[in-house]
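Subject: Structure handover

Hello,

Here is the structure for you to look over. My notes come after it.

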Amino acid sequence: MMDLLQSIESSGFSQWVKQSGSLWAFPGILLAHTYGMAVLVGIIAGIDLRILGLMPAVPLAPLRRLMPLVWVAFWVNAVTGTMLLAADATSKMRNLDFGIKMAFIVLAVITQRVIQKRVFGDPDLDRQPFSSNAKMLAVASLVCWLGAITAGRLLAYVGNPGGL
Amino acid sequence: MIELLSNTSHVHLLLNHVPTTAFVVALALYVVALFNGNDVLKKIGLAMFFFIAAVTLATYTSGSAAEAWLRGTGPKSELPPNVISAAIHEHEDAALWATVLMELTGFFSWLGLWQWKSVRRLPAWNTPLVLVLAVLSFVTMSRAAFLGGHIHHIEIRPDVVERHKACEALLDAETKHPGSVPNAPENCPWQAAVDDVRASAEGGEAGDAGMPNMARRVGDFVIGHTWMWPTLETLHFVGLCMLFTVVLIVNLRLLGLLKIVPVPAVYQMLPIGMLGFAVNLVTGMLFFIGIPSQYNGNPVFYWKVVFILLGGLNVMYFMLVDYAWRTESGRDVSAGPKIAAASAIVIWVCVLYCGHMLPFIGNAF
């Protein structure tokens, strides 16, 4: 396993990401990851807060149209995240904080699928107040994304920071 | 012109008129509006408070860059002979207080304008609160400006004036009764009084002169705790998500996406965005006060502040344009607000870009 990670880390691509000094390499990939985070977490959190009762005048049903944008952002971050992981595979894979971040993201994505099915799939959406189940889901989603951001940001400080 | 603006000291000397002179105008406007019950004037006053608060950020940060310029970057560089370090520090602390109050004034002014449109009337507590904050801002900012004047007009600094007067008294006594004063000075140049003050400040370095000023103590608190920087960074990212999503959803609606959502509905989202901005303002200022040298003279930081100011102008435009916010479901807004909406997205993408690039193009972390 370690050999595999080692060989990924010493590949030409990983070396370019880590050491080329090009603004397109590490800084650019991380920038795309940040924009992706802002769109992904931002829109999802907006929807969660709406479920929790903020901004009552905003109808929720039309916001479903933002979901493709959310998933584009998700895949941008999956790809850029994999690139960043490849550049620092050996230490990230041994970093507990990285595991925590991944766990939060898996939980957040599952919560999101459930919200899409239960809340957006409800034919009475926008016609009656949200059930406490829906509210629980919204809270869970907020907590998971907040956890993912926190764990992600802390990757720069805990363990063996490979970059910034 | 570009040459001048690239030296942040010039920028500071230019910008320092905004929180002082322009603020007096805004405050006068606001007070007159309160007496006349003139709502239009009052809205303009609130919008001015908001924008001046935005400019104050640039004024504060450029001041730190101006200090760095004065002190020089070389290991042996020192302040010009007519500048006293304590004068800079007193000005810095006064400016920090004034900036905090100014930002509060700006925040509640914005909130007032927002509520005015959403609830159709201003809540009763907003007017007195903004008035009190504005007056406090005015008083503290005047003090900061007054102390700022002491940095280059050393001849009005009380301790220098006192020494100069003492010297002149000796000279006077000597002229009237020659020989009455031992070691009487031949003349009293201002520089002698300045050197005297500087020497006594350095002599007392171990004592109170060695005590860092308030801004530095706040900064030391930020960098002195290992958990502080990561925590602030995390909050900065959470604030960024809040701000960015509101910018996206609201402006995409104004641009015609999600037309089925009425504009007054997305208007309800604005406080979340402003709260995100407030979180980032506080955390960002703490980064800045923590390690100013990372940002002074860093071109990306300079541009970040410029884009934030543009963002402030953009918000001010939207706060004063009422009709766009009344657009119902299925309707388009007119060209003006659409252009402003598109520029808002561009502006905040640029702010995020500049912030992100601080460590890579500049030297911040």
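**Confidence**

This is a predicted model. It scores ipTM 0.89 and pTM 0.90. Chain B averages a pLDDT of 88. In that chain, 95% of the residues score at least 70. Confidence in chain B is lowest in helix α1 (residues 2-6), where the mean is 68. It is highest in helix α12 (residues 270-290) of chain B, at 96.

**Nonpolar cores**

The largest nonpolar core has 129 residues. I51(A), L60(A), F49(B) and W110(B) have the most contacts inside it. Helix α10 (residues 228-254) of chain B gives the most to this core, with 16 residues. There is also a second, separate core of twelve residues. Among them are L70(B), V83(B), I151(B) and A193(B).

Leaving out residues up to four places away in sequence, W110(B) touches F50(B), L270(B), P271(B), M274(B), V315(B) and M319(B). W110(B) also belongs to a cluster linked by ring pairs.

**Aromatic pairs**

Over all chains, the structure holds 22 aromatic pairs. Two of them are described here.

Y35(A) and F244(B) form a tilted pair. Their ring centres are 6.1 Å apart, with 40° between the planes. This pair crosses between chains. Y35(A) sits in helix α3 (residues 26-51) of chain A, and F244(B) in helix α10 of chain B.

W303(B) and F307(B) make another tilted pair, at 6.3 Å centre to centre and 40° between the planes. Why are they separated by about one helical turn? Because they are four residues apart in helix α13 (residues 299-320) of chain B. W303(B) is partly exposed, with a relative accessible area of 47%.

**Charge over a ring**

One further contact involves a lysine and a tryptophan. K43(B) lies over the face of W116(B), at 4.9 Å from the ring centre.

Best wishes

Notes. Residues are numbered from 1 along each chain as its sequence is written. Chains are lettered from A and ligands numbered from 1 in the order in which they are written. This is a predicted model: local features need pLDDT of at least 70, side-chain atom pairs count only at pLDDT 80 or more; totals for chains, interfaces and linings use all residues. Side-chain values use heavy atoms; hydrogens and water are left out. pLDDT is the predictor's confidence in each residue, from 0 to 100. Helices (H or I, at least four residues) and strands (E, at least two) are DSSP runs, numbered from the N terminus. A nonpolar core is a set of buried Ala, Val, Leu, Ile, Met, Phe, Trp, Tyr and Cys residues joined through side-chain atoms within 4.5 Å. Buried means under 20% relative accessible area, exposed over 50%, partly exposed in between (1.4 Å probe, protein chains only). Contact means heavy atoms within 4.5 Å. Rings of Phe, Tyr and Trp (its six-membered ring) pair if their centres lie within 6.5 Å; planes under 30 degrees apart count as stacked, over 60 as edge-to-face and the rest as tilted. A charge sits over a ring if NZ of Lys or CZ of Arg is within 6 Å of the ring centre and within 35 degrees of the ring normal.
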